[in-house]
Every structure is written in C-alpha cells, then in structure tokens.
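Please look over the sequence and the structure before reading on.

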2 protein chains.
Amino acid sequence: MLTIGELSRQTGVKIPTIRYYEQMGLMDAAERSEGNQRRYTREEQDRLSFIRHARDLGLTIEAIRKLIDLSAHPERPCADADRIASEQLQAVRAKIEKLKRLESELERIATHCHGDQVKDCYVIRALANHELCEHEH
Amino acid sequence: MLTIGELSRQTGVKIPTIRYYEQMGLMDAAERSEGNQRRYTREEQDRLSFIRHARDLGLTIEAIRKLIDLSAHPERPCADADRIASEQLQAVRAKIEKLKRLESELERIATHCHGDQVKDCYVIRALANHELCEHEH
DNA sequence: CTTGTAGCTCTAGTTGCTAGAGGTGTTACG
DNA sequence: CGTAACACCTCTAGCAACTAGAGCTACAAG
C-alpha cells in the first residue's frame with residue numbers, strides 16, 4: 001500500500017490534485033489507515049497514471065470520466081472511446097492551426113519595430129489597427 | 001456616442017466582457033447617460049478593439065494592461081512593447097510544439113483501434129500504458 | 001402610455017487546479 | 001518511551017477570463 005505522497009512521486013501528480021480527482025469522482029475514495037490517512041493499491045496507481053496521461057493529452061475531466069466508465073465495461077463496443085480520441089485529435093489540430101496563424105502575425109509584429117519610441121512602435125500600431133493583419137482571426 | 005450593445009456589435013466583444021474589462025481596469029469607467037447607462041466614444045471603441053485583438057493573440061490581461069500603459073507614453077522607448085510581443089511569440093511557438101507532439105500521439109491512438117470491444121480497444125490500452133507512447137510528455 | 005428590448009448591479013458558477021490555515025498521524029532517533 | 005520532524009488531514013479561498021442568472025430600471029417606438 002502506498003501513501004498519498006508515494007503515489008504522488010510515482011505518478012508525478014501533485015498531492016492536492018490527487019485529492020481533487022477523488023473529489024471529482026475520477027479516483028474512487030481510497031482506503032484509509034487507522035489514523036484516517038489514504039492508502040493506495042497498485043491498481044489505483046495505474047488508474048491515476050491513466051488519468052495523468054489523458055490530462056497530458058488535453059482530455060477534459062468529463063472525457064476521462066467517460067473513458068473510465070467505458071473501461072469498466074469491457075464487453076461494450078469501443079466506438080465511444082474511439083470517438084473521444086478522435087474528437088480530441090480534431091480539437092488539437094484546430095488549436096495548432098489557430099496558433100500557427102497567431103505565430104505568423106506575432107512574428108510580423110515583433111520583428112517589424114524599427115522606431116525606438118512608442119509613438120512609432122509597430123507592436124502598438126498593429127494591435128490598434130486590425131487592418132495591418134494579413135488574415136482574419 | 002455608442003451604447004454598450006452597439007459597442008459590443010461593433011467590436012465583437014460580449015457585453016458582460018466589456019463590463020469585466022472595465023472592472024479589470026483595461027477600459028476606463030465609461031461616461032453615463034442620465035439613467036446611468038454606459039455611453040462610449042470612438043476612442044473607447046478603438047481601445048476595445050485593441051484589447052480584443054491582443055486577447056485573440058493570446059496576450060493576458062496583465063500584458064495588455066502594460067501595453068496600454070506604454071501607449072499612453074509615446075515618448076518612451078518601445079523596447080518593452082517589443083519584449084511583450086516577443087515573449088508572446090515564444091509562448092505560442094512552445095504551445096505549437098507541444099500540441100504537435102500530442103497530435104501525433106493522438107493520431108496513433110485514434111487510428112489504431114481494430115478490436116470492436118472495449119477490452120481490445122487501443123485507445124484505452126494506450127492511455128493505461130504510457131510505454132506505448134513514442135516520446136515523453 | 002404602454003410594451004418590448006436593452007441596460008443596470010450583484011452574486012455565483014465554470015475548469016483544473018493551487019495555496020494556506022490550523023490541526024493530527026507516523027516514524028526515526030536517542 | 002519520548003520527542004522532533006515530517007507527512008497527512010479537512011476546509012476555505014484564490015487563480016484566469018469570463019459566463020449566467022436574478023431582480024431591477026431605462027429608453028425608444030407606436
């Protein structure tokens with residue numbers, strides 16, 4: 001059995017975050033010691049690693065909850081799990097696209113300032129005047 | 001003079017968000033009508049467009065506040081404005097890099113599921129088992 | 001003059017944590 | 001066996017950047 005601190009070190013999830021996941025129902029309420037401290041099993045460590053990995057991939061707590069429900073019913077079709085992963089992939093791709101557009105605009109803004117006073121500053125002017133932008137956002 | 005609703009339509013910033021920006025000190029407290037309703041000038045519309053543009057680019061409220069302070073002092077050197085834009089550019093690039101790594105992992109996860117029950121599902125297994133990952137995150 | 005839309009303030013909720021206060025449990029050393 | 005150091009407990013509040021709702025008032029058109 002692991003203490004919460006050991007579990008934290010094993011998984012890289014901070015202690016208050018573990019308690020928060022318990023509160024949110026992602027982790028089952030842990031067994032307790034005589035003195036009311038949480039004690040964790042290997043399975044619970046695996047569950048937490050799963051959660052951590054999914055969070056790193058940007059899945060919401062809600063999505064993770066669904067995946068956990070799914071994995072508790074191994075006989076069900078896995079189309080739902082597939083869908084969650086695909087939706088996440090779409091979301092990530094959309095974010096990348098959006099950020100790339102921002103990148104090119106910021107690049108333009110940040111490298112074009114040749115005045116040395118704010119009144120001539122391209123950064124300020126570009127932010128004030130949307131028309132200097134090359135595309136919509 | 002514009003009402004808050006007109007200002008909202010002109011700039012694409014929602015009404016409660018405009019009031020929130022006022023509260024946060026990004027917008028000066030607006031002039032009021034007899035009946036205590038906010039009335040805005042052209043300059044205030046420009047200011048709000050500036051804020052909106054900067055927010056779209058991912059700048060924090062804090063960063064925007066600094067830029068507004070800068071633009072109120074046109075005689076100052078614009079190195080600070082440059083720095084804010086460059087920092088934002090760095091942050092955006094870092095995010096893109098991270099998201100690309102996630103994209104390739106999700107791609108792998110979302111396209112590899114050939115079982116049709118959860119017990120064989122690659123999505124679930126990949127999330128449970130970090131070793132299936134190609135790189136660290 | 002009335003009706004409908006738009007505005008007002010204030011409070012609380014969202015997501016995914018993180019920090020702090022104030023108290024208790026556990027363990028290692030002497 | 002006592003005590004010091006550290007880990008753990010619960011609870012509340014805070015973060016960013018809004019968003020939603022309640023309960024009220026203002027304004028413009030017909």
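## Basis and confidence

This is a predicted model, in which local features need pLDDT of at least 70 and side-chain atom pairs count only at pLDDT 80 or more, while totals for chains, interfaces and linings use all residues. Residues are numbered from 1 along each chain as its sequence is written, chains are lettered from A and ligands numbered from 1 in the order in which they are written, and side-chain values use heavy atoms, with hydrogens and water left out.

The pLDDT is the predictor's confidence in each residue, from 0 to 100. Chain A averages 83, and 82% of the residues score at least 70. Helices (DSSP H or I, at least four residues) and strands (E, at least two) are numbered from the N terminus.

## DNA strand C

A residue is near a strand if one of its heavy atoms lies within 4 Å of it. DNA strand C is surrounded by 19 residues, of which A:Tyr21, A:Arg55, B:Gly5, B:Arg19 and B:Arg38 are the closest. Sugar and phosphate make up 89% of the atoms of DNA strand C that come within 4 Å of the protein.

Polar contacts are pairs of N or O atoms within 3.5 Å. In one of them, a backbone N or O atom of B:Gly5 is 2.6 Å from a phosphate oxygen of DNA strand C. The side chain of A:Ser33 places an N or O atom 3.0 Å from a phosphate oxygen of DNA strand C.

## DNA strand D

Around DNA strand D there are 19 residues, and A:Thr3, A:Gly5, A:Arg19, A:Arg38 and B:Arg55 come nearest. A polar side-chain atom of A:Thr3 lies 2.8 Å from a phosphate oxygen of DNA strand D; for B:Ser33 the corresponding distance is 3.2 Å. The largest share of the surface near DNA strand D, three residues, comes from helix 2 of chain B.

## Nonpolar cores

A nonpolar core is a set of buried (under 20% relative accessible area, 1.4 Å probe, protein chains only) Ala, Val, Leu, Ile, Met, Phe, Trp, Tyr and Cys residues joined through side-chain atoms within 4.5 Å. The largest has 49 residues, and A:Tyr21, A:Tyr40, A:Ile51, A:Ile64 and A:Leu67 touch the most other members. Helix 5 of chain A supplies the largest share of this core, 11 residues. A second, separate core of 26 residues includes A:Cys121, B:Ile18, B:Ala63 and B:Leu67.

Terms used: Polar contact = N/O pair within 3.5 Å; in protein donor to acceptor, adjacent residues only side chain to side chain. Buried < 20%, exposed > 50% of the residue type's maximum accessible area, 1.4 Å probe, protein only.
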